[in-house]
Amino acid sequence: GYMLKKGHKRKNWTERWFVLKPSIISYYVSEDLKDKKGDIILDGNCCVETTVSLLRAGSPPPHKEARQKRKELRQKLLAEQEELERQMKELQTANENKQKELETVRKQLEAAAARAAEEEKKRLQTQVELQDRFSLELEREKMVRQKMEEQVAQKSSELEQYLQRVRELEEMYKQLQEALEVEKQARQDEETVRKLQARLLEEESAKRAELEKWHLQQQQTIQMTEAEKQELENQRMIKEQALQVAMQQLEQLELERKEALEQYEEVKKKLETAANNTRSWKDKVAHHEGLIRLIEPGSKNPHLITNWGPAAFTEAELEQRQKSWKGKKASSE
């Protein structure tokens with residue numbers, strides 16, 4: 001039966017199957033006696049303790065309990081083995097199914113590879129044809145691009161000339177604006193001098209009327225009686241003094257009027273100069289406006305002949321420019 005044996009080198013207890021003979025005890029790994037582990041010689045120094053104590057205590061021998069455990073273990077292992085076999089069968093079935101699926105997939109892949117090879121062959125042929133066609137298109141596009149570059153260079157040159165004319169026109173407009181400002185200031189100065197001159201003329205007329213009134217009073221005073229002559233003489237002296245003062249004021253007013261007239265003449269000359277500059281700039285601007293026009297296809301409408309040449313403007317553009325010129329002329333006048 002089974003007993004526990006303590007090892008020689010490793011001092012651990014291991015369960016072994018023992019066979020008792022008259023002078024020896026042999027022990028194996030299991031009760032099938034296939035793997036013998038060793039022998040124990042029985043002599044006078046040997047004695048039995050374990051099993052005798054269990055028998056005295058009325059307990060079953062250890063090999064029966066161990067046998068029951070091994071039986072349960074074998075049943076458990078058998079059940080696990082059956083479960084493992086069942087799982088192996090299922091895995092084998094699944095593997096066979098997978099193999100069939102893989103075979104089907106392999107055949108599909110081979111068919112797909114064949115189709116892909118055929119399509120690749122067609123694609124390569126198509127690619128060669130496309131490359132030839134692309135080369136022709138590339139050459140044609142190169143020629144077209146070269147022509148377009150030449151046209152762009154020509155258009156760029158025309159655009160640069162157009163921009164130069166625009167800049168010149170903007171500079172002319174700026175100078176025209178400055179000339180208009182000078183003319184406006186000259187007109188304001190002229191108006192101021194004119195008002196000053198009118199005021200001085202009014203004051204001069206009032207003084208002349210006052211002098212005429214005093215002179216009339218003086219003539220009337222001379223015709224009065226001799227009794228009043230002295231008193232009138234005194235009044236005459238006072239009035240003569242007032243008359244002298246008024247004459248001095250009149251002379252002063254005449255001097256101021258002459259100065260105002262000179263200022264008016266000077267302002268008038270400035271105004272004429274500014275007006276001449278304005279007309280000159282207007283002519284230049286009108287001339288340059290006629291030179292500048294956008295680069296665009298010619299109109300299908302009947303051509304108009306102006307001082308800038310035939311077909312320089314359409315009817316709508318010419319009408320718009322006439323309105324603009326009339327408005328500028330009215331504002332400058």
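Predicted model: local features only at pLDDT ≥ 70, side-chain atom pairs only at ≥ 80, totals over all residues.
Let's start with Tyr2 and Trp17: their rings sit edge-to-face, 4.8 Å centre to centre, with 70 degrees between the planes. Tyr2 belongs to strand S1 and Trp17 to strand S2, so this pair ties together parts that are 15 residues apart in sequence. Both Tyr2 and Trp17 are buried (under 20% relative accessible area; exposed is over 50%, partly exposed in between, with a 1.4 Å probe and protein chains only).

Then come Phe18 and Tyr27, with ring centres 5.5 Å apart and planes at 40 degrees, so this pair is tilted. Phe18 is buried at a relative accessible area of 9%, and Tyr27 is buried too, at 7%.

Now for the strands themselves, which are DSSP runs of E with at least two residues, numbered from the N terminus. Two of them pair if DSSP finds at least two bridges between them. S1 (residues 2–6) and S2 (residues 13–20) are antiparallel, with five bridges, and a hairpin of six residues joins them. Here, Met3 stands opposite Arg16 in S2.

S2 also runs antiparallel to S3 (residues 24–28), with four bridges, and the hairpin between S2 and S3 has three residues. Look across from Phe18 and you'll find Tyr27 in S3.

A word on the numbers: residues count from 1 along each chain as its sequence is written, and side-chain values use heavy atoms, leaving out hydrogens and water. Local features need pLDDT of at least 70, side-chain atom pairs count only at pLDDT 80 or more, and totals for chains, interfaces and linings use all residues.

Terms used:
Phe/Tyr/Trp six-rings, centres within 6.5 Å; stacked < 30°, edge-to-face > 60°.
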